[in-house]
Each structure stands twice: as C-alpha cells, then as structure tokens.
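Thanks for asking me to look this over. Here are my notes, as numbered points you can follow with the model open beside you.

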Amino acid sequence: MLSESSSFLKGVMLGSIFCALITMLGNIRIGIRMHHHEHHHLQAPNKDDISKISEAERMELSKSFRVYCIVLVKPKDVSLWAAVKETWTKHCDKSEFFSSENVKVFESINMDTNDMWLMMRKVYKYAYEKYKDQYNWFFLTRPTTFAVIENLKYFLLKKDPSQPFYLGHTIKSGDLEYVSVDGGIVLSVESMRRLNSLFSVPEKCPEQGGMIWKLSEDKQLAICLKYAGVFAENAEDAYGKDVFNTKSVGLFIKEAMANHPNQVVEGCCSDMAVTFNGLTPNQMHVMMYGVYRLRAFGHVFNDALIFLPPNGSEND
C-alpha cells in the first residue's frame, strides 16, 4: 500500500512538472524575438477641430475614406448572414462574405477550410492582392457583429493608412496583446502589406501554430503582425470608452443598470460606438432601425462630417 501511494505521489509530481514546463514553453514561444511595445489607446478626433474644416475639404475627406468589409461565415450562420447582408454592410464601400465551404443560398467566396486561422490568412491574402489599390482600410468581423461604418470612418479620420495601424478591442493574454475578432479587426493597407509579406515565412507566421495547443485566429494574427512591427491598439472615444465592443447593447445596458443604476446611459456605451457583438438576426434589424431609420425631426442636426454612401448602394 505504501509503495502504491509513493508511486501515485510521484506521478502527480511528474504530471505537475510536465504541465508547468508546457506552460513555460508556450510563453517562451509567444515571446521570442518580439520587440517590447508600450500599449497605446487610440482616441477619436476632436469634433471641434473637424468643425473648423471647410465644406469642400469635408467632402474631399469623406470621399477619400474607402472601407472594405470582410465577413467570415459558416453554413450554420445562414440566418445571421442574411441579416448582416440586409443591414449594416450596405454602408461599406464594398463588402464580401467568405465562407468555409460552398453555400448555394448566399453568394460568398469559398475558402474551402473549417480552420478559422487558415481561413483568415486566405481571406487577407485575397483581399490585399485584389483590393490594395482600391481600399485603404480593411475591416474584418463575424456575422454576429453589427457595425456603424460612419463611426468607423470618423474614428479613422486623422489616421494615415500608409502607417501600420491594427486596432479594435484589445485583450491581453500573457505577454501577447491582440485585437479580439469578436469586436471586429481593422487593418490599414500598410498593415495588410506587411502581413502578406510574412505569409511566406512559416517560422514567423505559420499556417498551423507550432505550439502544443491551438491558438485562436485573432491571437495567431497578432503574433504574425508583431513580427511585422504592427501592434494592437485599443480604440476609444474622448472619454476613454471602447468603441469596438465584444458584447451587445442589451447586455451593456443590463450591466449598467446593475452597476450604475443612476447613470445607466453614462455607464453603458460610447456615443460613437463602432461595433457591438453577440446579436441575433432580429437584433440586427432593431439596431438598423435605431441607428439609421429613426429620426427626431424636431432636432436640428449639425454633423461635422457626412460620409456619402457608396455608388449603387442600397443604404437605408
């Protein structure tokens, strides 16, 4: 009996040491050859400064922003797919759906893989090679996300797409900071150029992670981009509130009512939020109504900047 207990304890100890070693190796794998980078919080431009721009300059700025929207879908997402196609993607300068397999119900580009990281790589390669000279910002998201593209363009107004911007809602995991795909990922055309140059360098940006466990696609993307000198930036408004959100409006309101019952609106969300996530198809249409169709006709609107819809768009 004593011998069996001793063997059991040795097994437990060896198992613990092995798990610790795996964890340590994993952390080393993520951290190797990465340069130290101080996290930045990118804020939206000051509306007072924008209001000083002449009308002609505003129109020119409005036309110069070209956003290409990428939606990653799977066959089981058909109802969400339809809702996204009928709602916010109409406001993109161009939007395309990329699926894991061929789906007859909706038009999409078949990436022929269920591996989300491999799918993301293929999509970014396709988008850059085909559209690098037509669009300066590339926005990727899931079909559970609702996006306000005009707010995205306003946020990017003073950002130079020839610089390596990679932004959204950032999350820290060990030494790695990455932009969550749940809130949407924005890459400048320069970031796309750098990323695509690494796709042919497997030791820096492998098709399959070289770790014992598999990383999510947004973490894999962050590792590749760090090798390219592109770092995750958290997008915020002037008050420090996130504008890329990984939750729905309803959930934020519930949390605000529980935590800040006397300041529900202030404790909820940014006035210039770009995305909300975790929506059902019906919630997508409700968001569309609230954001684009509901009008207070007794209120005089003095928007500093107007982004015109793309030619041929069926925008609301």
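1. The largest nonpolar core has 45 residues, and W88, F139, F146, L152 and F244 touch the most other members. A nonpolar core here is a set of buried Ala, Val, Leu, Ile, Met, Phe, Trp, Tyr and Cys residues joined through side-chain atoms within 4.5 Å. Buried means under 20% relative accessible area, exposed over 50%, and partly exposed in between, with a 1.4 Å probe and protein chains only. At least two residues of this core come from each of β2 (67–73), α4 (78–86), β5 (137–141), β6 (146–147), α6, α9 (249–259) and α10 (281–293).

2. The model is predicted, so to speak of local features a pLDDT of at least 70 is needed, and side-chain atom pairs count only at pLDDT 80 or more, while totals for chains, interfaces and linings use all residues. Residues are numbered from 1 along each chain as its sequence is written, and side-chain values use heavy atoms, with hydrogens and water left out.

3. Not counting residues up to four places away in sequence, L152 touches V67, F139, V186, F244 and V274; contact means heavy atoms within 4.5 Å. T275 sits in strand β12 (residues 275–276) and counts as buried, at 0% relative accessibility. Beyond its neighbours within four places in sequence, T275 is in contact with F139, T145, F146, A147, G183, V243, F244 and N245.

4. Now the helix pairs. Helix α5 (residues 116–131) packs with helix α8 (residues 217–227) at an angle of about 50°, their axes 8 Å apart. That angle makes α5 oblique to α8, and the crossing of α5 past α8 is right-handed. Angles under 35 degrees count as roughly parallel, over 145 as roughly antiparallel, 65 to 115 as roughly perpendicular and the rest as oblique. A crossing is right-handed if the near helix is turned clockwise from the far one by less than a right angle, and left-handed if anticlockwise. From α5, M116, W117, M120 and Y124 meet E217, Q220, L221 and C224 of α8. By class, this contact has 6 nonpolar, 1 polar and 1 charged residues.

5. How do α7 and α8 lie relative to each other, parallel or perpendicular? They are roughly perpendicular: the axes of helix α7 (residues 189–198) and α8 cross at roughly 95° and come within 9 Å. S191, L195 and L198 in α7 meet L221, C224, L225 and Y227 in α8. That contact has 6 nonpolar, 1 polar and no charged residues.

6. Helix α7 is mostly covered, with 7 of its 10 residues buried. These are V189, E190, S191, M192, L195, N196 and L198, and they pack against α5, β5, β7, β10 (185–188) and α8.

7. P164 belongs to the loop between α6 (149–155) and β7 (166–168), and is partly exposed at a relative accessible area of 25%. Although P164 and L187 are 23 residues apart in sequence, they are 7.7 Å apart in space, C-alpha to C-alpha. Setting aside neighbours within four places in sequence, P164 is in contact with S188, E190, S191, R194 and V230.

Methods: Axes are lines fitted to C-alpha atoms, for helices over the stretch in contact, and angles run from 0 to 180 degrees between N-to-C directions. Helices (H or I, at least four residues) and strands (E, at least two) are DSSP runs, numbered from the N terminus. Ala, Val, Leu, Ile, Met, Phe, Trp, Tyr, Cys and Pro count as nonpolar, Asp, Glu, Lys and Arg as charged, and the others, Gly among them, as polar.
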